[in-house]
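Have the sequence and the 3D view ready as you read.

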Amino acid sequence: MKAEVPADTGKTLVVYYSYTGNCREIVTTLTSQIEADVLEIQPAEKGLKYEANGYALGTQLLNAIKANPNDASSYPAIDPVDTSLSDYKNIIIVTPLWWSQMAAIMQTYLFQSGSQIAGKHVGMIVSSHSSGISGVVSDAKRLWPNVTWMGDALWINASNHGNRASLIENWLKTLNFSNEGTTMDKMYITIGGQTQSVTLVDNVATRELVAALQDASITITLNDNKFEIWGSLGKSLTTKNEQMTVQPGDIVLYNGSNICIFYDSNSWSYTRLGKIDGLSGSELRTFLKAGQNNISVTLSLTKPTGIRSLPPAPSSVRKGRSFTLNGVKVDNPSKGIYVKNGKKVFL
Ligand SMILES: Cc1cc2nc3c(=O)[nH]c(=O)nc-3n(C[C@H](O)[C@H](O)[C@H](O)COP(=O)(O)O)c2cc1C
C-alpha cells in the first residue's frame, strides 16, 4: 500500500516501549535513517518481571485491557509524558508483541494520547520473537482510530532482527519517506550515471513535482543555454513567478512547464524549485554537461544507485573528509547524506 504522506509533512516522532531491548535497537537503527524525535514510554512501576511464572504478569495486564478496553483503569500506569503530539505530523510506533497483542505498556500510551492524534500519519514497527503481528495492528487501530496509516506495519522478529537496517530502509521506501527526513524536501538528479541530491523549496510547484515523482521518476532532455541547461519538464506545474537573480546550482520552473538548472547566474522571473547540494561551480559544469545539448536528465525521489558508486580511492585520501555518495569531496557538508571514513552519515 502506498503511503499517504503529503509533500509538506512536518516533524516525525518515534514513540517506543522496550522491555528487553529489541525495540530500543530498532529505534536506534530507524533514527540513523530518518530525522525524528524519540519518546520512550516507561512503566510507572519499575523492576516488574512480565515474563516470570510463565509470563503470568504480562498475561494478566493484557487480560485486564481485553476485559475493559474503554476503561482507563484497565491499562497499566506509565510515567507521565510531556511530549505534545501537536508538534508532529508523522508518528512511528515501535512496540513489542506480547501474546500476539500490543505490549500492555504501549497500549496505555496509545489509550491516553488518543485525543491528540486525529489526522496524524502513523507507521508502526512491531518486534516479536516469532508470532505474526495482525493482533498488534488491530490494537493500534482500535486505540488510534482517526489516523492515516502509512502503509502496512513492519514486522521484525528474532530471526531477522539482525537485518533490521535493510528491512527498515525498504519499509521507509514503501512509505515514501525520504532518507533525509519526512518532509520530502529532497529529490535526485541523475546525469550520465552521476547522481546529485537537490534540496527542494516548499511551494505548490514542488509539491506537484514530488507527487508526480512518487508515481515514477521523470527523464527529460535538456539543452545548454550559456548559463543553464534547460528544457521541457513534460508537464505543467503551478507557477509562483518572481523576479530573481539565480545562482549556480539553482533549479527553477520557467513558463510553467520548463525546468532550468543553472551553472551560472541569471536574472529573470521564475518559480523557484530548489538547489543542487554541495557542488562547486566547476563541479556543477561537469555534472550538468555544460555546453552540450540533448542531455538526458532523470529526476527521482530515491537515489538510483547506492554507496557502491563511490570511485575507489586510497583510504588515506578519504579519511576524515566528507564525500557525496558519488564520491565528490565536500568541504563544509550541510544537511544530507555523506560518506565519511567509509561510512554513510546523515547530517
Ligand atoms: C509478556 C511477553 C509476552 C510475549 N509474547 C510473545 C508472543 O506471544 N509471541 C512472540 O513471538 N513473542 C512474544 N514475546 C517476545 C517479544 O515479543 C520479543 O522478545 C520482542 O522482541 C521484545 O521486544 P523488546 O526487547 O523491545 O521488549 C513476549 C514477550 C513478553 C515479555
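What follows looks at the ligand, its neighbours and the pocket.

Please keep in mind that this is a predicted model. Helix H1 (22–31), strand E3 (90–98) and strand E5 (121–128) are the elements that give two or more residues to the shell around the ligand. Strand E3 gives the most, with three residues.

Now zoom in on the neighbours. There are 18 residues around the ligand, and those that come nearest are Ser18, Thr20, Leu97, Ser127 and Ser130. By class, the shell holds eight nonpolar and 10 polar residues, with no charged ones.

Which contacts reach oxygen atoms of the ligand? For serine 18, a polar side-chain atom lies 2.6 Å from a ligand oxygen. Taken on its own, the ligand has 650 Å² of accessible area, and the protein covers 89% of that.

The lining counts 25 residues, and closest to the pocket centre are Tyr55, Leu97, Trp98, Ser128 and His129. Helix H1, helix H2 (52–67), strand E3, strand E5 and strand E7 (154–157) each supply at least two lining residues. In this lining you will find 10 nonpolar, 14 polar and one charged residues.

Key. Residues are numbered from 1 along each chain as its sequence is written. This is a predicted model: local features need pLDDT of at least 70, side-chain atom pairs count only at pLDDT 80 or more; totals for chains, interfaces and linings use all residues. Side-chain values use heavy atoms; hydrogens and water are left out. A residue is near a molecule or strand if one of its heavy atoms lies within 4 Å of it. A polar contact is a pair of N or O atoms within 3.5 Å; within protein, one must be able to donate a hydrogen and the other to accept it, and residues adjacent in sequence count only if both atoms are side-chain atoms. Accessible areas come from the Shrake-Rupley method with a 1.4 Å probe; for residues, only the protein chains shown count as cover. Helices (H or I, at least four residues) and strands (E, at least two) are DSSP runs, numbered from the N terminus. Ala, Val, Leu, Ile, Met, Phe, Trp, Tyr, Cys and Pro count as nonpolar, Asp, Glu, Lys and Arg as charged, and the others, Gly among them, as polar. On a 1 Å grid over the protein atoms alone, a cavity is a set of points where a 1.4 Å probe fits but cannot get out, and a pocket is an open set with protein on both sides within 12 Å along at least five of seven lines; lining residues have an atom within 4 Å of a point.
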